[in-house]
Amino acid sequence: LSRLPPTTTTMAPKAAKSVAPKKAAKKAAGVSKDGKRRKKPNTSSYATYIYKVLKQVHPDTGISRKAMIVMDSFVHDIFERLAGEAGRLARYNKKHTISSREVQTAVRLILPGELAKHAVSEGTKAVAKYDGSRA
């Protein structure tokens, strides 16, 4: 607005509006009109996990809010791609369950070269650790 040139037209004065008196008591936070508690919107975020991994890799490095939003969006996108591809592979093989085999194949198909190799090795290590903890 400050970049607009000043106008020379005169405007009629506005009529005074009657201001309604403010309500004495504010509504309690998180409570709807009928007195019931409102359910929070279901917003899933990977921010806590991204932050934990960042601290494992670079303990003295922080991350800005905008950068975290970008990273969260990136992780959501990769997850959607991998889940979609794994589901497609399961459907092609007439299976109703996505196993680690479908996920591994999806990773190999979607992620490029060296990144796929590292992801597969980390995934295999995580599955082995999980199986070891269950026994």
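User: Hi! How many helices and strands does the chain have?

Analyst: Hello! This is a predicted model, and its chain has four helices and zero strands. Reading from the N terminus, the elements run α-α-α-α.

User: Thanks. What pLDDT does the chain average?

Analyst: The average is 85, and 76% of the residues score at least 70.

User: And where does pLDDT stay under 50?

Analyst: That would be residues 7–11. The model has zero contacts beyond four places in sequence for that stretch.

User: Good to know before I set anything up. What share of the residues count as buried?

Analyst: Of the 135 residues in the chain, 13% count as buried. The chain exposes about 12,800 Å², with carbon and sulfur atoms supplying 60% of that area.

User: What about contacts between residues 24 or more positions apart?

Analyst: They account for 27% of the chain's contacts, taking those with a separation of 6 or more.

User: OK, on to the packing. Which residues make up the largest nonpolar core?

Analyst: There are nine: Ile 78, Leu 82, Ala 86, Leu 89, Ala 106, Val 107, Leu 111, Ala 116 and Val 120. Helices α2 (65–92), α3 (100–110) and α4 each supply at least two of the residues in this core.

User: Which helix gives the largest share?

Analyst: That is α2, with four residues. As general background, nonpolar side chains tend to be buried together in soluble globular proteins.

User: Let's zoom in on α3. Which of its residues are buried?

Analyst: Glu 102, Ala 106 and Val 107 are the buried residues of α3. Viewed down the helix axis, they fall within an arc of 140°, so they line one face of α3.

User: What covers them?

Analyst: The cover for the buried residues of α3 includes α2 and α4.

User: And which exposed residues sit on the face turned away?

Analyst: Arg 101 and Arg 108 are the exposed residues carried by the face of α3 turned away from its buried side.

User: Nice. Let's jump to α4. What does Ala 116 touch?

Analyst: Its partners are Val 107, Arg 108 and Leu 111, again not counting residues up to four places away in sequence.

User: How far apart are the C-alpha atoms of Lys 117 and Val 107?

Analyst: They are separated by 8.8 Å, and the two residues are ten apart along the chain.

User: One last thing, backbone angles. Which residue has a positive phi although it is not a glycine?

Analyst: Lys 94 does, with a phi of about 55°. For context, most residues other than glycine have a negative phi.

User: Where does Lys 94 lie?

Analyst: Lys 94 lies in the loop between α2 and α3. With a relative accessibility of 76%, Lys 94 counts as exposed.

User: Great, thanks for the tour!

Technical notes
Residues are numbered from 1 along each chain as its sequence is written. This is a predicted model: local features need pLDDT of at least 70, side-chain atom pairs count only at pLDDT 80 or more; totals for chains, interfaces and linings use all residues. Side-chain values use heavy atoms; hydrogens and water are left out. Buried means under 20% relative accessible area, exposed over 50%, partly exposed in between (1.4 Å probe, protein chains only). Contact means heavy atoms within 4.5 Å. Accessible areas come from the Shrake-Rupley method with a 1.4 Å probe; for residues, only the protein chains shown count as cover. A nonpolar core is a set of buried Ala, Val, Leu, Ile, Met, Phe, Trp, Tyr and Cys residues joined through side-chain atoms within 4.5 Å. pLDDT is the predictor's confidence in each residue, from 0 to 100. The arc is that of the directions from the helix axis to the C-beta atoms.
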